[in-house]
Amino acid sequence: MDFVEHDLADPDVVISARGLTKRFGTFDAVDHVSFDIHANRIYGLLGRNGAGKTTVMQLLTGQTIESSGDVAVFGERPFENARILERVCFIKESQKYPDDFKVKHVLSCARDLLPNWDEDFAQALLDDFQLPTGRRVKKLSRGMNSAVGVIIGLASRAPLTFFDEPYLGLDAVARQLFYDRLLADYAEHPRTVVLSTHLIDEVSDLIEHVLVIDKGRLLFDEDADTLRSRALVVAGPPRAVDEFTAGRTVLHRETLGNLARTTVETELSEADRSTAQGAGLDLEPVSLQQLLVRSTTTKKGDAR
Ligand SMILES: Nc1ncnc2c1ncn2[C@@H]1O[C@H](COP(=O)(O)OP(=O)(O)OP(=O)(O)O)[C@@H](O)[C@H]1O
């Protein structure tokens, strides 16, 4: 991606990363990544295992220092910057707490540290997730532990909130509760939320903008609807599908008996659509998950 200057004059830009790189030895976990994150939107930071999502979030929240390039959060460098970091909440899976900490101690720390903390909201969420406040955190089940993070992230009302897959331990009902509470609260108290997840289909209605990281590089930085409209599946008799998709960028092809399904990266014109209809082909939308699986699948031996 081309190097562009930070647009610090634009108050809508809350994060600006330019050529951001994190190197471990000779390995680039994050490799010259440039993007802006705008205020009051929900972002999906998506990518396969080991793609670099957590490292990007650590760079954006000052938890690690870049090897090269730079990042500005609310116009300033986040590393060891208390003024910036008090506006940021970073929730990650498997957060460690002191051994003797009960749930109520964690919440009381969050209340003290986070200036926008909403105690009533936190209490309502404790009820929703049925979390026992008097229990030691180390005695909580994995799902309850995830719920602690989710509650802190939501009740923080931080202007910039990161959720690094903190909901992996939650069951499907609790995850839905998280998505519902996030959407409802975000509508009343707009803020910038960045979610990293593997469960792309689950969050696809939630996220407005998608950043896709693949092997440390930024593959997509796009509005979620625009990204979805980038590809579609052409289904029908194999020969007709092949004829129709010839010359287009094919992301995936599968054949089952006399039915072929080919995913193509394209926007079709009205004429294309009527040609497809005339040839007896079905044109189906591609889910965000399918599109990303097709775009980020690596060959064997290609792992980092
Ligand atoms: N401290 C470290 N030392 C060496 N390599 C590291 C370190 N931290 C991360 N990496 C490597 O950097 C790459 C990116 O890791 P990262 O945790 O950012 O990926 P991720 O996209 O969050 O993965 P997942 O979805 O599996 O959590 C991985 O190959 C990982 O092994």
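The following questions and answers set structural terms against their definitions for this predicted model.

Local features need pLDDT of at least 70 and side-chain atom pairs count only at pLDDT 80 or more, while totals for chains, interfaces and linings use all residues. Residues are numbered from 1 along each chain as its sequence is written.

Q: What makes Leu 288, Leu 291 and Leu 292 of helix α11 buried?
A: A residue is buried if 20 or more other C-beta atoms lie within 10 Å of its own, exposed if 12 or fewer, and partly exposed in between, with C-beta atoms placed from the backbone. These three leucines in α11 (residues 288-296) are classed as buried. They cover an arc of only 95 degrees around the axis, which puts them on the same side of α11; the arc is that of the directions from the helix axis to the C-beta atoms. The elements that cover the buried residues include β3 (42-46), α7 (200-203) and β8 (209-214). Helices (H or I, at least four residues) and strands (E, at least two) are DSSP runs, numbered from the N terminus.

Q: Why do β2 and β4 count as edges of their sheet?
A: Two strands pair if DSSP finds at least two bridges between them. The open, antiparallel sheet has the order β2-β1-β4. Both β2 (27-38) and β4 (68-73) have a single partner strand, so one side of each is left without a neighbour in the sheet.

Q: How do you know that β1 and β4 pair?
A: Five antiparallel bridges link β1 (residues 13-24) to β4, and the definition asks for at least two. Arg 18 stands opposite Asp 70 in β4.

Q: Why are β11 and β13 at the edges of the other sheet?
A: Its four strands form an open antiparallel sheet in the order β11-β12-β10-β13. Since β11 (249-256) and β13 (282-285) each have a single partner strand, one side of each is left without a neighbour in the sheet. Four bridges join β10 to β13, and Val 234 stands opposite Leu 283 in β13.

Q: What makes up the shell around the ligand, by class?
A: The shell has three nonpolar, six polar and two charged residues. Ala, Val, Leu, Ile, Met, Phe, Trp, Tyr, Cys and Pro count as nonpolar, Asp, Glu, Lys and Arg as charged, and the others, Gly among them, as polar. Eleven residues surround the ligand, Phe 24 and Ala 29 being among the closest; a residue is near a molecule if its C-beta atom, placed from the backbone, lies within 6 Å of it. The largest share, three residues, comes from α1.

Terms used
Two residues are in contact if their C-beta atoms, placed from the backbone, lie within 7 Å.
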